[in-house]
Amino acid sequence: MGATERGKSAAAWLESLGRSKVFNGISPEEIDAILSFSGAREMRYRKGEVILREGERIFGFGILAGGTVQSYQQDAEGNRVFFTTRRVGDLLTDEFAFGGMVLCPWNILVLEEAWVIWIDIPHSMEVMSRRCVNHARLLRNLLQIQAEKNIELAMRVTLLSKKTIRARIVTYLQWESDRCGAKCFDVKFSRDEMADYLGVDRSALSRTLSNMKKEGVIDYVRGHFEIKF
């Protein structure tokens, strides 16, 4: 894949991809070789564009080299259920592609102009197993990512089983505190994204957070939180 096709200098392109967990422990030169072997292709998407729609065919997995995307399902009445928000370095559709699913189970919406490197799995795995010295490390990284996504899914199921908005907030903030190992931490979501993640109404979320702050249970300034329970 040439520099013109990438749309950026090779150095900037590889620097963006180097932040992905899938290439952890792999040098920029080796990343470049892996992508060359695998026939990777770059695609750019505008804000508001849908990268993949529910029911469309999946040909491989994507590496988000720029921007932010969100996955959701929409029912016949237009109601949306949001699942995940992915940022630079995250993978797209990998859990389905490696699991043998051929049709995308949700829509992937671009929140900020996105830049995705798509890799065809059957072709890339076969070629890299023969030619890539870091094939084993790459597979270990992919397995770790899948394990983390399984944990995230299990946590999300637990979260959504909570009956009240307050219980969901407490559960989510406790997880973030445990993840950081501190009572004070920054959350990765905006308020809209947090409402989507918790499966609650945006205004109801803000109202509940405000009440919890007044009660002294939590404190927060924008995305910085402190839990006191």
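Leu-91 is buried in this predicted model, because its relative accessibility is 4%, under the 20% limit for that class. The residue belongs to strand E5, which covers residues 91-92. Setting aside the neighbours within four places in sequence, Leu-91 touches Ser-20, Val-22, Phe-61, Gly-62, Ile-63, Arg-86, Leu-142, Ile-145 and Lys-149.

The aromatic residues come next. A pair of aromatic rings is described by the distance of the centres and the angle of the planes. The model has seven aromatic pairs. One of them joins Phe-83 and Trp-106, with 4.9 Å from centre to centre and 35° between the planes, a tilted arrangement. This pair links distant parts of the chain: Phe-83 is in strand E4 (residues 80-86), while Trp-106, 23 residues away, is in the loop between helix H4 (94-97) and strand E6 (107-120). Phe-83 has a relative accessibility of 25% and therefore counts as partly exposed, whereas Trp-106 is buried, with a relative accessible area of 12%.

Trp-106 also pairs with Phe-96, and here the geometry is edge-to-face: the centres are 5.1 Å apart and the planes make an angle of 80°. Phe-96 is in helix H4, ten residues from Trp-106 in the loop between H4 and E6. Phe-96 counts as buried because its relative accessibility is 11%. Phe-83, Phe-96 and Trp-106 together form one aromatic cluster.

On the H8 side the contact is made by Arg-191, Asp-192, Met-194, Ala-195 and Leu-198, and on the H9 side by Arg-202, Leu-205 and Leu-209. Sorted by class, this contact has five nonpolar and three charged residues, and no polar ones.

Arg-156 lies over the face of Tyr-197, at 4.7 Å from the ring centre. Lys-213 is likewise over the face of Tyr-220, at 4.7 Å from the centre of that ring.

Methods
Residues are numbered from 1 along each chain as its sequence is written. This is a predicted model: local features need pLDDT of at least 70, side-chain atom pairs count only at pLDDT 80 or more; totals for chains, interfaces and linings use all residues. Side-chain values use heavy atoms; hydrogens and water are left out. Helices (H or I, at least four residues) and strands (E, at least two) are DSSP runs, numbered from the N terminus. Buried means under 20% relative accessible area, exposed over 50%, partly exposed in between (1.4 Å probe, protein chains only). Contact means heavy atoms within 4.5 Å. Ala, Val, Leu, Ile, Met, Phe, Trp, Tyr, Cys and Pro count as nonpolar, Asp, Glu, Lys and Arg as charged, and the others, Gly among them, as polar. Rings of Phe, Tyr and Trp (its six-membered ring) pair if their centres lie within 6.5 Å; planes under 30 degrees apart count as stacked, over 60 as edge-to-face and the rest as tilted. A charge sits over a ring if NZ of Lys or CZ of Arg is within 6 Å of the ring centre and within 35 degrees of the ring normal.
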